[in-house]
Amino acid sequence: MLTDQIKLAAIFVQGLRDADWEVSEEVIVERRGGAPGADRWRAAARELVARRVSALVAGDHAAARAAREATDAIPIVAIDFEGDAIGSGFVRSLARPGGNVTGFFCDFGDAMSELTKALRAAVPKARQLLALTDGEATEIQARALRETARALDLAVDTVALGAAGPEALVDRVAAARVAARVALVVLASPRLESEASRLAKRAIRRKMASAGAFIRYAHAGGLLARGPSLPDTFRRAAAMVDRVLRGARVADIAVERPPRFELVINLKTAAALELALPSGLMSASQHIVR
C-alpha cells in the first residue's frame with residue numbers, strides 16, 4: 001500500500017510538471033501517508049493548515065473529512081471513492097460545490113451496477129451476493145449494491161468486517177451458505193483494501209467467488225474487480241490543483257467523476273474455482289491477471 005501511495009504521489013507531481021509548474025521551485029509538494037487511520041489524517045491536516053499551504057489533496061474519505069474539519073478556507077481537492085460528495089456535506093452541488101472542497105467522487109449507482117453485471121456474468125450460478133462492509137465508510141456503496149442487484153434478481157446480504165479476522169469471517173460465511181451460489185463482494189475502504197490478499201485467498205480456499213470494488217482486489221487474488229483508475233485520477237487531480245494555483249475558486253470548480261474505470265480479471269483464480277469465463281467478459285476487461 002505504501003509503495004502504491006508513493007507511485008500515485010509521483011504521478012500527481014508529474015501532472016503538475018505537465019501543467020508547466022517547476023516543482024520544488026515554483027511549487028513545493030509534501031506528502032503525508034502511511035497506515036490508514038482517522039487520527040493520523042486529523043494530525044496531518046492540522047499541521048498542514050497551520051503552515052498555510054496553498055491547497056490540500058486528500059486521497060480518501062477519511063483524509064477528506066479530516067481536511068474539511070481542519071479548514072473551511074484552504075482549497076481541498078478530494079479523491080473520495082467511498083463517500084457521497086453531497087451526502088457527506090462536502091459540497092452543495094456537483095456543478096457548483098459552493099465551499100472550499102471539490103474533487104473526484106463516484107457515481108455509486110453506475111459503479112455497482114457494472115460490478116454486479118460483471119460478477120453475474122462470471123458466476124451465473126450465484127443467487128446471492130454477500131457484501132463485506134466496513135461500517136459507515138461503505139454504507140452508501142452497500143445501498144447502491146442492493147438497488148442494482150435487485151434489478152438482476154440477486155439477493156444481497158451484508159456482513160461487517162468488525163473485529164473478526166478476515167479468514168474467520170469468510171469461513172463463517174462459507175459454512176452457513178452454499179459457496180457455489182454465493183459470491184462475496186468486498187466494498188472499498190482503506191481497511192478492507194489492506195485485507196485484500198487475506199480475504200481473496202481465503203475465499204479461493206472455500207471455493208467462493210469474490211469480487212472487489214477496487215482494482216487491487218483482483219491483483220490480490222480476487223476473481224475480478226472493477227474500480228476507478230487511481231493513476232488517471234491523480235493525474236486529473238494535478239490539473240484541478242493547477243486551476244486552483246492559477247486563481248480559480250474551488251466553489252466554482254465542478255466535482256468530477258473518475259476519469260476511467262477498469263475491469264480486472266484473475267484467470268488463476270477462475271481456474272482454481274473451475275469457472276469458464278464468457279468471452280464477452282474477457283473482452284470487456286482492461287487487465288488480465290494470469
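1. Ground rules. The model is predicted, so local features need pLDDT of at least 70 and side-chain atom pairs count only at pLDDT 80 or more, while totals for chains, interfaces and linings use all residues. Residues are numbered from 1 along each chain as its sequence is written, and side-chain values use heavy atoms, with hydrogens and water left out.

2. Salt bridges overall. The count comes to 16, taking a salt bridge as a side-chain nitrogen of Lys or Arg within 4 Å of a carboxyl oxygen of Asp or Glu. One group is a network that links Glu-30, Arg-32, Glu-47 and Arg-51.

3. Glu-114 and Lys-117 form a salt bridge, with 3.8 Å between the closest N and O atoms. Both sit in helix α4 (residues 108-122), three residues apart, or about one turn of the helix. Helices here are DSSP runs (H or I, at least four residues) and strands likewise (E, at least two), numbered from the N terminus. Glu-114 is partly exposed because its relative accessibility is 29%, and Lys-117 is partly exposed at 43%. For the classes, buried is under 20% relative accessible area, exposed is over 50% and partly exposed is in between (1.4 Å probe, protein chains only).

4. Arg-191 and Asp-134. These side chains meet in a salt bridge at 3.8 Å, N to O. The pair links distant parts of the chain, 57 residues apart: Arg-191 is in helix α7 (residues 190-194), and Asp-134 is in the loop between β4 (128-133) and α5 (139-151). Arg-191 counts as partly exposed, at 33% relative accessibility.

5. Arg-260 and Asp-232. Here the closest N and O atoms of the salt bridge are 2.6 Å apart. Arg-260 lies in the loop between α10 (230-245) and β9 (261-266) and Asp-232 in helix α10, so the pair ties together parts that are 28 residues apart in sequence. Asp-232 is buried at 16% relative accessibility, whereas Arg-260 is partly exposed at 35%.

6. The negative patch. Asp-18, Asp-20, Glu-22, Glu-25 and Glu-26 form a negative surface patch. Patch members have over 30% relative accessible area and no salt bridge, with like charges joined within 9 Å and nonpolar side chains (Val, Leu, Ile, Met, Phe, Trp, Tyr) within 5 Å. Asp-18 belongs to helix α1 (residues 2-18) and is exposed, at 54%.

7. Gln-141, a polar name to look up. Gln-141 lies in helix α5 and is buried, at 1% relative accessibility. Leaving aside neighbours within four places in sequence, Gln-141 is in contact (heavy atoms within 4.5 Å) with Phe-81, Glu-82, Phe-108, Met-112, Leu-187, Ala-188 and Ala-213.

8. Leu-275. This residue is in the loop between α11 (267-272) and α12 (279-284), and it counts as partly exposed at 24% relative accessibility. Beyond residues up to four places away, Leu-275 touches Ala-122, Val-123, Leu-223 and Ala-270. Its C-alpha atom is separated by 9.2 Å from that of Ala-209, 66 residues apart along the chain.

9. Positive phi. Ser-24 has a phi of about 85° although it is not a glycine; it lies in the loop between α1 and α2 (38-50) and is exposed at 60%. Arg-52, also not a glycine, has a positive phi near 60°. Arg-52 is in the loop between α2 and β1 (56-58) and is exposed, at 74% relative accessibility.

Note on methods: Areas by Shrake-Rupley, 256 points an atom, 1.4 Å probe, with all protein chains shown as cover. Lys, Arg positive; Asp, Glu negative; His and termini not counted. Charge placed at Lys NZ, Arg CZ, Asp CG, Glu CD.
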